[in-house]
Amino acid sequence: AWISDPQHYSESHPEIFCAMTRFLQKERERLNLAYVVHTGDMVQDRGAPEQWDAAEAAMRMLADIPHGVLAGNHDVGTSRRDFSEFNAHFGGAHMEDKPYCGGIYEGGMGHYDLIDAGDTRFVFAYMGYQPDEAAIRWLTSVFNQYPERVGVLAVHDYFKTDLSLYDSGRALQKAVLAQCPNLVLSGHRYNVAAVPVSFDDDGDGTAERTVYQMIANYQAAGSEGGSGYMRFLQIDEAAGELRAYSYSPYLEDYRYWDEPGTENEKYPVDPANEEITLSLPWA
């Protein structure tokens, strides 16, 4: 499962955030839920203690489900990043005792998790908002340390709404994607998409590896900060497929933008993007 940008829930609709994580806890066996990814913006205002309390209450329902989190711009600020509040609530001290946590960077600015699901061994590497060169080097070192694992990079700011890359996205693509992971998960802006990029790893002039660069952010969907929609990534090892779909346990509904009128909203998405099937890039 994949949650991103729930800041408006923490600010004004904590019951929706709790409905999402309660659903994951309740349905974990039916879903065969192996892991939960969170790609940032836990809160809208990092100076509001009640918002951190709301986020913690929702995320506490995932306590016994392996999961990873990172900081978005609303969690740390934009002009001068300050990870102190994020780290106090979700940082290294909250990760280091997890048996699947492999390592922590700068107190919780980044971390990585080692997850085995089905017959696949994963390394999920996380980095908070606007990674600098040192952070990018750390991410690369993590993936290089586990070449036998499927690599998943989780970041906040990667794509703009039009799916062009932020400076951070270009830097990550050049330094990390070009040699390491198989999948990128990001949020921050308003879209739901999977954009493939291919790499020639052995220099023979033919691209051997495809990375799916994915973005998912429903915060602008509807009037309640995203209406409880989140993404699910279903791995079918036998078929060699990755199926992605969106579901809101709050509304008990699949796909937000297939409803009449949603195509006229400010950030509409093709509903076909909300339910897709891809070839496993590591099969």
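# Close-up views of the predicted model

**Figure 1. The second largest pocket has a lining of 16 residues, and H67, H89, F90, H94 and K98 are the ones nearest its centre.** A pocket is an open set of points on a 1 Å grid over the protein atoms alone, with protein on both sides within 12 Å along at least five of seven lines; lining residues have an atom within 4 Å of a point. This is a predicted model, in which local features need pLDDT of at least 70 and side-chain atom pairs pLDDT 80 or more, while totals for chains, interfaces and linings use all residues. Residues are numbered from 1 along each chain as its sequence is written, and side-chain values use heavy atoms, without hydrogens and water. The pocket holds about 340 Å³ of space. Two or more lining residues come from each of α4, β3 (67-68), α6, α7 (92-95) and β5. Helices (H or I) are DSSP runs of at least four residues, strands (E) of at least two. The lining splits into seven nonpolar, five polar and four charged residues.

**Figure 2. W52 and F90 form a tilted aromatic pair, because their ring centres are 6.3 Å apart and their planes meet at 45 degrees.** Rings pair if their centres lie within 6.5 Å; planes under 30 degrees apart are stacked, over 60 edge-to-face, the rest tilted. W52 belongs to helix α4 (residues 49-59) and F90 to helix α6 (residues 84-90), so the contact ties together parts 38 residues apart in sequence. W52 is buried at 1% relative accessibility. F90 is also buried, at 8% relative accessible area. Buried means under 20% (1.4 Å probe, protein chains only).

**Figure 3. The rings of Y35 and F124 are a tilted pair, with centres 4.3 Å apart and planes at 35 degrees.** Y35 sits in the loop between α3 (28-31) and β2 (36-38), and F124 in strand β6, so the pair links parts that are 89 residues apart in sequence. Both Y35 and F124 are buried. The model has 20 aromatic pairs. Elsewhere, F23, F232, Y245, Y247 and Y254 make up one aromatic cluster.

**Figure 4. Strand β5 (residues 110-117) runs antiparallel to β4 (residues 101-105) and to β6 (residues 120-127).** Four bridges hold β4 to β5. One of them pairs Y105 with G110. The β4-β5 hairpin has four residues between the strands, and E106 takes a positive phi near 50 degrees. Eight bridges connect β5 with β6. Here I115 partners F122. The β5-β6 hairpin has two residues between the strands, and G118 has a positive phi near 60 degrees.

**Figure 5. The largest pocket holds about 630 Å³ of space.** It has 24 lining residues, with N32, A34, L233, Q234 and I235 nearest its centre. Elements giving two or more residues are α3, β5, β6, β8 (183-186) and β11. β11 supplies the largest share, four residues. By class, 19 are nonpolar, three polar and two charged.

**Figure 6. The structure holds one cavity of 30 Å³ or more.** About 70 Å³ of space lies in this largest cavity. Of its 13 lining residues, S4, A216, N217, Y218 and Y229 are closest to the centre. A cavity is a set of grid points where a 1.4 Å probe fits but cannot get out. β1 (2-3) and β11 (230-236) each give at least two residues to the lining. The lining has seven nonpolar, four polar and two charged residues.

Technical notes
Pairing = 2+ DSSP bridges. Points joined across faces, edges and corners; volume = space filled by probe spheres on them. Nonpolar A, V, L, I, M, F, W, Y, C, P; charged D, E, K, R; others polar. Phe/Tyr/Trp six-rings, centres within 6.5 Å; stacked < 30°, edge-to-face > 60°. Buried < 20%, exposed > 50% of the residue type's maximum accessible area, 1.4 Å probe, protein only.
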